[in-house]
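This report walks through one protein model, from overall make-up to single residues. Keep the sequence and the 3D view side by side.

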Amino acid sequence: MRLFRIGVAAIGGLALSASLATTSAVAAGGHFIWEGPKGKIYSVQNPPDHKCLDMGQGARAPHNETKKALVVYSNKKCKGTATRLAPGQHAARNLAFSSVIFNP
């Protein structure tokens, strides 16, 4: 019976580690930082890959502190003028954007 419990615990641990590996594979990892109204700084930690996120308010000066490339767009729904930022790259402070997609 004791050996059975050890086996169940080992299988459970493997399943948990596999699910964590899958979760981290679908996130850009790191932080996406931008400036909002009145100069307030906002960020998203570990943003999802391949999902367009619309900004709820005026956004500018994007900083890509994630491990993957991202694209900011001038319009919502990832439309309009696109600006690509590599990992660790940031755009000019006056660059306004309305949506972003990570690991496009």
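What does the accessible surface of the protein come to, and what percentage of it belongs to carbon and sulfur atoms? The surface comes to about 6,700 Å². Carbon and sulfur atoms hold 61% of that area. The model is predicted.

## Overall make-up

The protein has one helix and six strands. Along the sequence the pattern reads α-β-β-β-β-β-β.

The protein counts 104 residues, and 27% of them are buried.

Six strands form an open sheet. The order across it is S2-S1-S3-S6-S4-S5, and the pairing is antiparallel. The edges are S2, residues 41-45, and S5, each of which pairs on one side only. On average, neighbouring strands are turned by 40° against each other, direction ignored. Strands of a sheet pair through backbone hydrogen bonds, either parallel or antiparallel.

Now the individual pairings. S1, residues 30-35, runs antiparallel to S2, and five bridges join the two. Within this pairing, Trp34 has Tyr42 as its bridge partner in S2. S1 also pairs with S3 in the antiparallel sense, over five bridges. There, Ile33 is partnered by His63 of S3. S3 and S6 are antiparallel too, again with five bridges. Asp54 has its bridge partner, Ser99, in S6.

## The nonpolar core

Which residues make up the largest nonpolar core? There are twelve: Ala28, Phe32, Trp34, Met55, Ala59, Leu70, Val72, Leu85, Ala91, Phe97, Val100 and Phe102. S1, S3, S4 and S6 (96-102) are the elements that give two or more residues each. S6 supplies the largest share, three residues.

Trp34 is in contact with Lys40, Ile41, Tyr42, Ser43, Val44, Met55, Ala59, Arg60, Ala61, Pro62 and Phe97, leaving aside neighbours within four places in sequence. Met55, Ala59 and Phe97 in that list are themselves core residues. Tyr42 in that list is also the bridge partner of Trp34.

## Ala59

Ala59 sits in strand S3. Is Ala59 buried or exposed? Ala59 counts as buried because its relative accessibility is 4%, below the 20% cut-off. Beyond residues up to four places away in sequence, Ala59 touches Trp34, Glu35, Leu95, Ala96 and Phe97. Trp34 and Phe97 belong to the core as well.

Asn94 lies 35 residues from Ala59 along the chain. The C-alpha atoms of the two are separated by 9.6 Å.

## The disulfide

How many disulfides does a search of the whole structure find? The answer is one. Cys52 and Cys78 form it, with their sulfur atoms 2.1 Å apart. The link is right-handed, with 105° about the S-S bond. It ties together distant parts of the chain, 26 residues apart. Cys52 belongs to S3 (residues 52-66), while Cys78 is in the loop between S4 (70-75) and S5 (79-85).

Cys52 has 29% relative accessibility, so it counts as partly exposed. Cys78 has 16%, so it counts as buried.

## Positive phi angles

Two residues other than glycine deserve a check of the backbone. Phi of Asn46 is near 50°, a positive value. Asn46 is in the loop between S2 and S3. Asn46 counts as partly exposed because its relative accessibility is 39%, and that class lies between 20% and 50%.

The other case is Cys78, with a positive phi near 55°. Cys78 lies in the loop between S4 and S5. This is the disulfide partner of Cys52.

Conventions:
Residues are numbered from 1 along each chain as its sequence is written. This is a predicted model: local features need pLDDT of at least 70, side-chain atom pairs count only at pLDDT 80 or more; totals for chains, interfaces and linings use all residues. Side-chain values use heavy atoms; hydrogens and water are left out. Helices (H or I, at least four residues) and strands (E, at least two) are DSSP runs, numbered from the N terminus. Buried means under 20% relative accessible area, exposed over 50%, partly exposed in between (1.4 Å probe, protein chains only). Accessible areas come from the Shrake-Rupley method with a 1.4 Å probe; for residues, only the protein chains shown count as cover. A disulfide is a pair of cysteine sulfur atoms within 2.5 Å. Two strands pair if DSSP finds at least two bridges between them. Axes are lines fitted to C-alpha atoms, for helices over the stretch in contact, and angles run from 0 to 180 degrees between N-to-C directions. A nonpolar core is a set of buried Ala, Val, Leu, Ile, Met, Phe, Trp, Tyr and Cys residues joined through side-chain atoms within 4.5 Å. Contact means heavy atoms within 4.5 Å.
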